[in-house]
Amino acid sequence: MAFDETGKIWFNGEFVNWKDANIHVLSHVIHYGSSVFEGIRCYNTKKGPAVFRLQEHVQRLFNSGKIYRMDIPYSVNEICNAILDTIRINGFKDCYIRPIAFRGYKELGVYPLNCPLETVIAAWEWGKYLGEDALENGVDLGVSSWSRMAPNTLPNMAKAGANYMNSQLAKMESVFNGFDEAIMLDYSGLVSEGSGENIFLVKDEVIYTPHSSLSILSGITRDSAVTLAKDLEIEVKEEAIPREMLYLADEIFLTGTAAEITPVRSVDKIKIGNGKRGEITEKLQTKFFNIVEGIDEDNYSWLTFVE
Ligand code: PPE
């Protein structure tokens, strides 16, 4: 989907025109992938636009920065407010927000600390991540031949730009093989996550998802799905999941800010359950969308209203 280039982007504390939000080709980030970022959604609820779990996303941005010794020169609150300002100035109701902090232009060489740290917030309207009918009919997954980064290589808990080179390899492979999305295993062969989503499976009414030491990003939608499931009195187990457990699941779904809660209908061309969106998946989806659309009460204070 092409960008609408008429909007404004927050660039180190000032709003600039979309087309003026540029950096030099010798910026550190371009050569070495030195960035940390977030993806956040704003929903047009019945009571006006509201950002989903704003504080948690911004806190994760700072956590990612901390891992890479990036001192973001703003407070969490300042970035939260800048995000709300970015939505307001662009007049968005429904949008995807991309805050990013990166090492800028000064010198090259792996050692990054002499380069300035730049902070940017952009927003645009981003529809359904895995296609229009994915939320209803589900997607087809392929287990990737690329593993997720091993624990002592790149930290999976940081949402860093460089991690997405791994994601791109897996995503391209899956698309060339005719799948919608890739699922990656960790270095030891256990189920980890998608190129841009966490994964859940349902077996005999119990929900399973890989625990945090299985090379996953600790997804905020993942946390939301766990919370909603527990409230619906469905048992949730965070544990190690062998690949073959995917094939035997009654239901599988993916979670992510962009992907929201997306059902999975097959893995490696093996039909999951009856090949349609499962009952528990649908229950969680309905609850999730009812909250972000402002139909159900936001009992968890997940929404920050833009007005
Ligand atoms: N794992 C990965 C690797 C990942 O990129 C995401 C989000 C998640 C899990 C889910 O995290 P959360 O959004 O907090 O529930 N991926 C973001 C980027 C997608 C993109 O293509 O860019 C997103 O969904 O915003």
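Rings of Phe, Tyr and Trp, the last represented by its six-membered ring, are taken to pair if their centres lie within 6.5 Å; planes under 30 degrees apart count as stacked, over 60 as edge-to-face and the rest as tilted. Under this criterion, Phe 3, Trp 18, Tyr 96, Trp 124, Trp 126 and Tyr 129 form one aromatic cluster. The structure is a predicted model, in which local features need pLDDT of at least 70 and side-chain atom pairs count only at pLDDT 80 or more, whereas totals for chains, interfaces and linings use all residues. Residues are numbered from 1 along each chain as its sequence is written, and side-chain values use heavy atoms, with hydrogens and water left out.

Phe 52 belongs to strand β5 (residues 48-52) and Phe 288 to helix α8 (residues 279-292), so the pair ties together parts that are 236 residues apart in sequence. Helices (H or I, at least four residues) and strands (E, at least two) are here DSSP runs, numbered from the N terminus. Both Phe 52 and Phe 288 are buried, where buried means under 20% relative accessible area, exposed over 50% and partly exposed in between (1.4 Å probe, protein chains only). Phe 288 also forms an edge-to-face aromatic pair with Phe 289, at 5.2 Å centre to centre and with 80° between the planes. The relative accessible area is 3% for Phe 288 and 14% for Phe 289, which is buried as well.

Helix α8 also packs against helix α6 (residues 220-231), at an angle of about 110° and with the axes 10 Å apart. Axes are lines fitted to C-alpha atoms, for helices over the stretch in contact, and angles run from 0 to 180 degrees between N-to-C directions. The angle makes α6 roughly perpendicular to α8; angles under 35 degrees count as roughly parallel, over 145 as roughly antiparallel, 65 to 115 as roughly perpendicular and the rest as oblique. The crossing of α6 and α8 is right-handed, a crossing being left-handed if the near helix is turned anticlockwise from the far one by less than a right angle, and right-handed if clockwise. Contact (heavy atoms within 4.5 Å) joins Thr 221, Ala 225, Leu 228 and Ala 229 of α6 to Leu 284, Lys 287, Phe 288 and Ile 291 of α8. Six of the residues in the contact of α6 with α8 are nonpolar, one is polar and one is charged. In this classification, Ala, Val, Leu, Ile, Met, Phe, Trp, Tyr, Cys and Pro count as nonpolar, Asp, Glu, Lys and Arg as charged, and the others, Gly among them, as polar.

Leu 54, Gln 55, Val 58, Gln 59 and Phe 62 of α2 make the contact with Val 76, Ile 79, Cys 80, Ile 83 and Leu 84 of α3. By class, the contact of α2 with α3 comprises eight nonpolar and two polar residues, and no charged ones.

Two glycines were examined in the loop between β6 (95-103) and β7 (117-124). Gly 104, located in that loop, is buried, with a relative accessible area of 0%. Neighbours within four places in sequence aside, Gly 104 is in contact with Ser 27, His 28, Cys 115, Pro 116 and Glu 118. Gly 109, in the loop between β6 and β7, is partly exposed, with a relative accessible area of 27%. Residues up to four places away in sequence not counted, Gly 109 touches His 28 and Tyr 32.

Positive phi values occur in Asn 12, near 50°, and in Lys 269, at about 65°, although Lys 269 is not a glycine. Asn 12 lies in the loop between β1 (8-11) and β2 (14-17) and is partly exposed, with a relative accessible area of 30%. Lys 269 is found in the loop between β15 (260-267) and β16 (270-271) and is exposed, with a relative accessible area of 67%.
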